[in-house]
Amino acid sequence: MKNLVIIDLGSNSVRMKICQIDEYGSFEIVSYHKEYVRLSENMGPEKTLKTEPIERTIQALKDFKQEYDQFDNIEIRAVATAAVRQAKNQQEFLDLVKKEIDLELRVISGETEAYLDYLGVVNTLPVRNGILMDTGGASTELVWIQNSECKARVSIPVGSVLLSQNYDLGDAITASNLYHAMNAAGRKISTVQWLGQVHNLPLIALGGSNRTIAKIHRREKHTSIDDLPDIHGMHLSTNYVFNLISDLISMNKEERMQVPGLAKNRADVIIGGLIPISLVLRNLQIGEVIFSNHGLRDGILYDYLKKNHQ
């Protein structure tokens with residue numbers, strides 16, 4: 001029995017999933033942890049990881065180590081995405097992680113991140129054709145899925161934390177700040193030339209900001225938090241998404257913190273996080289959104305299974 005430890009260090013959160021895998025390739029998730037560390041906080045135009053976010057991240061990784069050290073026969077797959085990928089002080093951070101936790105973090109490219117998202121989705125949802133969109137804290141990955149294959153993929157440096165901090169979208173939203181943020185995100189998205197070839201396909205949405213849409217809808221339909229259905233595979237109309245984003249824009253941070261389904265520590269970055277999906281839905285005339293609870297970490301798992309159990 002192998003215990004595969006998967007660690008995903010993103011711009012906003014760090015997550016760990018431990019899967020027990022038997023000799024036939026069957027697996028069971030035995031542990032899952034998530035910590036909001038907001039590693040990309042205040043990176044600024046100089047693109048450097050700052051002391052406080054680094055300290056929060058190191059502590060979360062130490063807590064994870066205490067957990068996975070209790071398991072036998074472990075194999076670790078630890079990856080870092082946009083925040084570390086973009087950081088000028090990337091190597092110092094990686095050296096610190098190695099020194100403090102004895103953990104080798106692999107910084108993956110945006111294209112690799114997009115491909116792992118694709119593996120996580122196509123192995124868990126019956127999707128043959130669509131556009132996959134993963135909006136994180138400092139980047140957004142887009143994948144064109146055609147006949148269940150990865151036809152094109154790209155990562156753009158637009159995310160919830162970056163947009164929210166750069167354009168002051170954390171509390172009450174002004175029309176001017178929202179306009180500038182949407183223009184900036186729109187310019188980045190418009191560089192993806194193949195998006196001009198895809199219209200009217202479903203959008204498969206993942207990433208914390210996008211999943212928040214599904215979580216809010218779920219709480220609207222289910223008042224008991226003890227019996228909430230999984231959002232994986234949930235379908236919502238584009239009109240619902242637009243109306244919800246409009247409602248959230250009209251609120252200040254305190255009001256957003258009271259919205260059931262919206263994590264309180266996401267209230268100051270959710271508007272920036274929903275700008276990319278609103279632009280893509282509008283530009284591509286997409287009629288519905290399918291939500292996925294499986295992405296990068298699941299892609300790492302399925303990539304491991306393919307290489308070791310086939």
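A: Buried means under 20% relative accessible area, exposed means over 50%, and partly exposed lies in between (1.4 Å probe, protein chains only). This is a predicted model, in which local features need pLDDT of at least 70, side-chain atom pairs count only at pLDDT 80 or more, and totals for chains, interfaces and linings use all residues. Residues are numbered from 1 along each chain as its sequence is written, and side-chain values use heavy atoms, with hydrogens and water left out.

Q: Which residues are buried in α1?
A: They are P53, I54, T57, I58, A60, L61, F64, E67 and Y68. Helices (H or I, at least four residues) and strands (E, at least two) are DSSP runs, numbered from the N terminus.

Q: What do the buried residues of α1 pack against?
A: They pack against β1 (2-9), β2 (13-21), β3 (27-36), β4 (74-80) and α3 (90-101). Contact means heavy atoms within 4.5 Å.

Q: Now α6: which residues are buried there?
A: In α6, L178, A181, A184, A185 and I189 are buried. Seen down the axis of α6, these buried residues fall within an arc of 135° (taken from the directions from the helix axis to the C-beta atoms), so they line one face of the helix.

Q: What does the face turned away from the buried side of α6 carry?
A: That face carries the exposed residues A175, Y179 and R187.

Q: New topic: is A82 buried or exposed?
A: A82 is buried, with a relative accessible area of 2%. A82 is found in helix α2 (residues 82-86).

Q: What does A82 touch?
A: Not counting residues up to four places away in sequence, A82 touches S11, E113, A138 and S139.
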